[in-house]
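Subject: Structure handover

Hello,

Here is the structure I promised to pass on. My notes on it follow below.

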Amino acid sequence: MKSAELDGITIGYEDHGGAHRSGEHYGEHRTADPVLLLVHGHPFDRSMWAPQVRAFALEGPFRLIVPDLRGYGATTVVPGVTRFSRHAEDLAGLLDQLHVRRVVIGGLSMGGQIAMEFCRLFRDRVEGVVLADTSAAAETEEGRRWRAETADRLLREGMTGYADEVLAKMIAPYNVTALPDVARHVRRMMCATDPEGAAAALRGRAERPDYRELLTTLDVPALVVVGRDDPYTPVADAKAMHAALPDSELVVIEGAAHMPNLERPDAFNAALGTFLDRFSPLPRSA
């Protein structure tokens with residue numbers, strides 16, 4: 001793991017692969033090694049992308065940057081409210097420190113919504129976007145109340161009870177049994193998250209804007225991925241985003257719920273790899 005000091009906080013991140021690690025410098029049109037930035041969801045950390053790091057960091061031309069968001073993992077916890085704009089600005093600041101101008105940005109769940117916010121604020125820095133198990137609509141009134149109540153609960157009780165309740169929604173109930181290592185990993189990430197950071201993100205998430213119109217204006221290639229049995233962001237939400245995006249493909253992953261990148265990593269990586277071939281100046285290894 002590496003770290004960067006940015007606006008009074010420390011951001012923990014991983015930086016893998018790519019033959020030219022200096023990245024793309026300002027003033028150049030394109031880096032020799034395309035850069036993929038992966039944004040984790042709530043209440044997780046960068047380790048949720050471990051199967052993608054193994055698949056894409058060691059082979060092929062892509063440079064892979066995987067940060068912990070503000071309040072999660074090895075990044076500083078800031079109590080209060082962390083809005084999506086703050087997360088997107090953190091990501092842009094990290095890229096600045098790494099001398100990276102343009103990225104293919106991907107995110108899952110809350111991470112996908114932060115990716116959309118990044119597209120809203122830093123459109124000229126986006127070469128492509130991957131939206132996994134997420135939704136573009138603004139939060140509903142009921143959803144805002146639930147997030148506020150959950151934030152208060154996490155501060156009061158900690159993460160363990162919440163983690164136990166949602167585990168069989170984050171990954172499909174059948175995978176809790178069939179994939180015990182994945183279940184342990186997901187639960188461990190949730191329980192290790194600082195309640196202050198999780199609560200701040202939940203409050204910020206409740207205030208997110210509606211990204212549906214934004215999607216219709218994104219003229220970069222997009223990949224929409226969803227687990228067939230996702231109870232949080234169902235296939236219908238993914239189809240709506242796919243229909244809104246001018247240049248997108250939709251992949252529905254069987255045998256998975258809200259975290260197909262962990263539940264069915266081979267299928268997820270195959271979809272992601274095919275998509276990334278659109279940006280790669282070199283063929284991927286077989």
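**Aromatic rings**

Phe-122 is buried, since its relative accessibility is 18%, where buried means under 20% relative accessible area, exposed over 50% and partly exposed in between, with a 1.4 Å probe and protein chains only. Its partner is Phe-118: the two rings form a tilted aromatic pair, 5.2 Å centre to centre with 45° between the planes. Rings of Phe, Tyr and Trp (its six-membered ring) pair if their centres lie within 6.5 Å; planes under 30 degrees apart count as stacked, over 60 as edge-to-face and the rest as tilted. Phe-118 is also buried, because its relative accessibility is 0%. Phe-275 and Phe-279 make an edge-to-face pair, at 5.2 Å centre to centre and 70° between the planes. Both of these residues are buried. The structure holds three aromatic pairs.

**How to read the values**

This is a predicted model, in which local features need pLDDT of at least 70 and side-chain atom pairs count only at pLDDT 80 or more, while totals for chains, interfaces and linings use all residues. Residues are numbered from 1 along each chain as its sequence is written, and side-chain values use heavy atoms, with hydrogens and water left out.

**The nonpolar core**

A nonpolar core is a set of buried Ala, Val, Leu, Ile, Met, Phe, Trp, Tyr and Cys residues joined through side-chain atoms within 4.5 Å. The largest one has 88 residues, and those touching the most other members are Ile-105, Phe-118, Val-186 and Met-259. What does Ile-105 contact, leaving aside its neighbours within four places in sequence? The list includes Leu-37, Val-39, Leu-91, Phe-118 and Val-130. Contact here means heavy atoms within 4.5 Å.

**Pocket and cavity**

Rolling a probe the size of a water molecule over the atoms shows where empty space is left. The search uses a 1 Å grid over the protein atoms alone: a cavity is a set of points where a 1.4 Å probe fits but cannot get out, and a pocket is an open set with protein on both sides within 12 Å along at least five of seven lines. Lining residues have an atom within 4 Å of a point. Grid points are joined across faces, edges and corners, and a volume is the space filled by probe spheres set on the points.

The largest pocket holds about 730 Å³ of space. It is lined by 33 residues, of which Glu-139, Arg-147, Arg-205, Tyr-232 and Thr-233 are the closest to its centre. Helix 4 (141-157) is one of the helices that each supply at least two lining residues, and helix 4 gives the most, with seven. Helices (H or I, at least four residues) and strands (E, at least two) are DSSP runs, numbered from the N terminus.

There is one cavity of 30 Å³ or more. Among the residues lining the largest cavity are Ile-9, Pro-67, Arg-70 and Leu-91. Strand 2 (9-16) and helix 2 (84-97) each supply at least two residues of this lining.

**Single residues**

Leu-121 lies in helix 3 (residues 110-121). It counts as partly exposed because its relative accessible area is 33%. Not counting residues up to four places away in sequence, Leu-121 touches Ser-85 and Ala-88.

Which residue class does Glu-213 fall into, buried or exposed? Glu-213 is exposed, because its relative accessibility is 64%. It is part of helix 9. Its C-alpha atom is separated by 7.9 Å from that of Ala-244, 31 residues apart along the chain.

Thr-82 sits in the loop between strand 4 (63-67) and helix 2. With a relative accessible area of 3%, Thr-82 is buried. Its contacts, not counting residues up to four places away in sequence, include Arg-70, His-87 and Gly-204.

**Backbone points**

His-42 and Pro-43 are joined by a cis peptide bond, with omega about -5°. Pro-43 is in the loop between strand 3 (35-39) and helix 1 (50-56).

Ser-109 is not a glycine, yet has a positive phi of about 60°. It lies in the loop between strand 5 (103-108) and helix 3, and is buried at 4% relative accessible area. Asp-133, also not a glycine, has a positive phi of about 45°. Asp-133 is placed in the loop between strand 6 (126-132) and helix 4, and is buried at 1% relative accessible area.

Regards
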